[in-house]
Amino acid sequence: MAGIVLIVIIVLIGIWLIGMYNRLVGLRNQTQNGWRQIDVQLKRRHDLIPNLVETVKGAMEFEKGTLTAVMDARAKAMGAAGPADASRKEGELSQALGRLLAVAENYPQLKSNENVKMLQEELSATENKIGFARQFYNDIATKFNIACQSFPSNLFASAFGFTAAELFQIQDDADRQVPKVDLSLGKS
Amino acid sequence: MNLFEQQAANRHRTWLVMALFIAFFAIVGAGVDLFILGGGQGYFPVATLLALAFGGGRAWWSLRFGDRAVLGSAEAQPLEECLSRATDDDARLRYRQFQNVVEEMAIAAGIPAPAPYVIPDDDPNAFATGRDPAHASIAVTEGLLRTLNREELQGVVAHEMGHVRNLDIRLMMVVAALVGGILLLADWSTRAMRFGGGRVRVRRDRDSGAVGLVVLIVWLVAIVLAPLIGQLLALAVSRRREYQADATGAELTRNPLALANALEKIDDAVAPTTTIKRGTAHLCIADPLGKKVNDTESVWANLWATHPPMAQRIAALKEMALVH
């Protein structure tokens, strides 16, 4: 009798371990997938910027500094090494872009240009996607971290090689201000 | 309820609705066998088997192709077609913006981007359909794209993305496809009863007796009540979900006020959405039929409204904005 009880308990613990392991694997894969999604969107932003700069260059003859600042920030962001570095440099790129779009507001011929409007839409969509990809990554990474660190799964998480994922953090106060892109397009 | 429980509950309810639907067909078929074709010794139940096959086939079809039926009945067109057809730049920008917003919210929800559709109707409305997030579609009216700004559109799409992620779309699609089938059947059966009315009494002989009479009554009640039951089912599944989808939408955008503003604008547009038919009303973000019952909160109104009162939804969202 005692033997049967023991076997049942061991089987139950085994099932629980398998379930916990699979849950951790699932969360880790989702977390990694979330991370890749951010990269995809950052890459897309890097591809879009030269188009924007090319389109507004003619009209913004006097704003050379703003334009080169954007291109410089883009080059730096593309050459960033490691998540922390990338996070900071991408933040700087966001700010440079925000300034460019704000300055572009002063040029009526740009505001009414369909190409510029379309590019602005693409750019702000990419900004949003980066933001939402980070939000999703942070949400899922937090879930993964909770699973890794809470009792009793924490007893086995490190043994199975699961380490807590790093979360995105906003670098400084200027970064908290998302660049405001006007998309009212003339309607109220 | 967390996400996983919601998905599981929706899966179960979908099976339950399909099972009820098939059982209903079986009862109708059995009724035909017993009272019209005569159910004597050694009789082969043709009508029951035919009804089972039809009900099962119809249920399978509704799960597999229900989204196309729903999109087709709302005259929704794929966004790519609208984009390639659009001649003026503003329209192209609106379509492109809609596509981007769908992609953004899909990223926020962590699911594949649903296929975007546009309904040529000037009244602002939107719905989502499909059997799972990988086979989902989100349709909005032209009026919605024109009325809302980008943030508000984001709120509406996030609400629909909530339906997609929670698997509400599967249950609501199956109900939409099956309620249409029941309404059709009720029409047929009333015609069949009129046609075979004389024979019903003749065939009720010794071996059926009292039990047969009870089955006959159940059968008649089922046929009379079918449209009503179907309609109530369609109503009941959608109301609580709207609050949940509003909450999910706010969670995805972290901006409950944008959705609240969007709902206010949708509510202000008085014209009913004409392209969206009665059978698909429960899928939409706002009741396309513009029924007044949605505005009051009595038991009777609760029974008949497909959507919770707009004022309460907006109030709930504004409360969320205060908490955040």
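In this predicted model, chain B holds an open sheet of four strands, arranged in the order E1-E2-E4-E3 with mixed pairing. Strand E1 (77–78) and strand E3 (126–130) of chain B lie at the edges, each of them pairing on one side only. Strand E2 (residues 115–119) and strand E4 (residues 136–141) of chain B run parallel and are joined by five bridges, and Ile119(B) stands opposite Thr141(B) in E4(B). Helix H6 (residues 150–165) of chain B packs on this sheet, where it touches E3 and E4 of chain B, and the direction of the helix makes about 25° with that of E3(B).

**Core**

The largest nonpolar core has 87 residues, and those that touch the most other members are Met105(B), Ala139(B), Val140(B), Val156(B), Val157(B) and Leu259(B). H7(B) gives the most to this core, with ten residues, and the core draws at least three residues from each of domain 1 and domain 2 of chain B. What does Val156(B) contact once its neighbours within four places in sequence are left aside? The partners of Val156(B) are then Ala126(B), Leu144(B), Leu148(B), Leu259(B), Ala262(B) and Ile285(B). A second, separate core has 15 residues, including Leu52(A), Val70(A), Leu97(A) and Leu110(A).

**Domains and chains**

Chain B is divided into domain 1 (3–72 + 176–226) and domain 2 (78–169 + 236–323). Between these two domains of chain B, twelve residues of domain 1 are in contact with 13 residues of domain 2. On the domain 1 side, the elements that give two or more residues are helix H1 (3–36), helix H2 (46–73) and helix H7 (168–202) of chain B, with H1(B) giving the most, namely five residues.

The contact between the chains takes 16 residues from chain A and twelve residues from chain B. On the side of chain B, helix H4 (residues 89–109) gives the most, with nine residues.

The table sets out the classes of residue on two of the sides described above.

| Side | Nonpolar | Polar | Charged |
|---|---|---|---|
| Domain 1 of chain B, touching domain 2 of chain B | six residues | four residues | two residues |

Definitions and conventions
Residues are numbered from 1 along each chain as its sequence is written. Chains are lettered from A and ligands numbered from 1 in the order in which they are written. This is a predicted model: local features need pLDDT of at least 70, side-chain atom pairs count only at pLDDT 80 or more; totals for chains, interfaces and linings use all residues. Two residues are in contact if their C-beta atoms, placed from the backbone, lie within 7 Å. Domain bounds come from an automatic or database domain assignment. Ala, Val, Leu, Ile, Met, Phe, Trp, Tyr, Cys and Pro count as nonpolar, Asp, Glu, Lys and Arg as charged, and the others, Gly among them, as polar. Two strands pair if DSSP finds at least two bridges between them. Axes are lines fitted to C-alpha atoms, for helices over the stretch in contact, and angles run from 0 to 180 degrees between N-to-C directions. A nonpolar core is a set of buried Ala, Val, Leu, Ile, Met, Phe, Trp, Tyr and Cys residues joined through C-beta atoms within 7 Å. A residue is buried if 20 or more other C-beta atoms lie within 10 Å of its own, exposed if 12 or fewer, and partly exposed in between; C-beta atoms are placed from the backbone.
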